[in-house]
Amino acid sequence: MTDRPDRHHRLRSILGGSAGNLVEWFDWYVYSAFGLYFAPHFFPKGDPTAQLLNTAAIFAVGFVMRPVGAWIMGIYADRYGRKAGLTLSVTLMCAGALLIAVSPGYATIGWGAPALLVVARLMQGLSVGGEYGASAVYLSEMAGRDRRGFFSSFQYVTLIAGQLLALFTLLLLQAVLSEAQLEAWGWRLPFALGGLLAILVFRIRRGLAETQSFENARDKPRSSGWLLFSRHPREAATVVLLTAGGTLAFYAYTTYMQKFLVNTTGFDRETATWIMTGALALYAALQPLAGALSDRIGRRPLMIGFGIAGMIATVPIFTLLETVRSPVLAFALVMVALLIVTGYTAINAVVKAELFPAHVRALGVALPYALANTAFGGTAEYVALWLKWAGAENAFYWYVTAMIAVSLVTYWRMRDTRVDSAIVED
């Protein structure tokens, strides 16, 4: 058993783990941020919505591997350590980013180009599938009991920061390169940068300390899928259901929103990027505040607040955004949506970690989450774009609302994990 870590040790470990999480998600979100530019490179010329639809389909394909990654690396992190799982995930993310950076286009190798894109996203999906569980568990276990909500919220701070860094990279390249240069070769630069940053993160993660929870669970039963679903079926089902509405809302309000502002509202790409950059910066700042609030009043009230507000406001927000012409008003509406979903994103990692004992915690957090995330988060853009193409775009707004309602029932019925937590170490 390790000694109880002091506050300085906890903070150093949390910052180290968070820095790696930022780069992981930068690599993941660069795909979405630059999709408007590289879609013509990988697919035949045609209707822009059709090209985006194909790009979104491959974005969704990346999510197919997330449950596989969650299963393999969740077990790996439970058996060999949270640090080992984090190190493996960033290695796969690096390889996927570099493959996209050097892939030839459709004009050169035909359908081999989107095939390479699929391979790269499958690798990155495998990585992210393991990353979520390992990082959620690592931050939750490293944090002390009284500030667990606050410190674990940095998982989404760095997740959003990764998305912001991708957008800042886009803004920088939009400022220094022409549209033609960005579409021809400039879109490759962020993927190359992401691969190089991942190499640095590999070194950082090799130096992280292991958690006391993992050390204390070394003599417990070995993690496996059978152990998870036979011994903890209620907890696993809870993770799936509480994730469904939250992850769909998150992807609808963030990654899809940028395309919505261009493809439906009618803003140019630069204006849409600025709107989302400003909104996401404020959104990231909200996460620790909500996490700290959950340490005082509990996790359940925040999730219920998200469920109720999301059900009421999602349809009106998207409907108003269809006809908005003011960037300021669009920014305000996007911020309302992000404020609502903060009740889920700030604390969902710690809630899931607090449901499971240490010897099966990484798998318990990662696999049920990945299943729900693949089914609802990974398909969000594709469903939205397909419904727009079919002439029924507003059906997507109601779909998001319905899934938030499903999760709300779960939030209402579940216990408050701040009071009844399976993480026993202080």
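1. At a relative accessibility of 32%, Glu179 is classed as partly exposed, because the value lies between the 20% limit for buried and the 50% limit for exposed residues. The structure under review is a predicted model, and the remarks below should be read accordingly.

2. Glu179 is paired with Arg269 in a salt bridge, with 2.3 Å between the closest N and O atoms. This pair connects distant parts of the chain: Glu179 belongs to helix α9 (residues 179–186), Arg269 belongs to helix α15 (residues 269–297), and the two are 90 residues apart. The salt bridges in the model number 14.

3. A further salt bridge joins the side chains of Arg218 and Glu215, at 2.8 Å from N to O. Arg218 has a relative accessibility of 55% and is therefore exposed. Glu215, with a relative accessible area of 22%, is partly exposed.

4. Asp295 and Arg299 also form a salt bridge, their closest N and O atoms lying 2.9 Å apart. Are these two partners buried or exposed? Asp295 has a relative accessibility of 14% and so counts as buried. Arg299 is likewise buried, at a relative accessible area of 1%.

5. The largest nonpolar core comprises 115 residues, and the residues with the most contacts inside it are Phe34, Tyr253, Leu321, Leu338 and Phe396. Setting aside residues up to four places away in sequence, Phe34 touches Ala166, Thr169, Leu170, Leu173, Leu182, Trp187 and Pro190. There is also a second, separate core of 10 residues, with Ile14, Ala134, Tyr138 and Leu139 among them.

6. Finally, Pro327 is located in helix α17, which covers residues 327–345. Its relative accessible area is 39%, so Pro327 is partly exposed. Which residues does Pro327 contact, leaving aside its neighbours within four places in sequence? The contacts are with Phe267, Thr271 and Ile275.

How values were computed:
Residues numbered from 1 in each chain as written. Predicted model: local features only at pLDDT ≥ 70, side-chain atom pairs only at ≥ 80, totals over all residues. Heavy atoms only, no water. Helix = DSSP H or I, 4+ residues; strand = E, 2+ residues; numbered from the N terminus. Buried < 20%, exposed > 50% of the residue type's maximum accessible area, 1.4 Å probe, protein only. Contact = heavy atoms within 4.5 Å. Salt bridge = Lys/Arg side-chain N within 4 Å of Asp/Glu carboxyl O. Core = buried A, V, L, I, M, F, W, Y, C linked by side-chain atoms within 4.5 Å.
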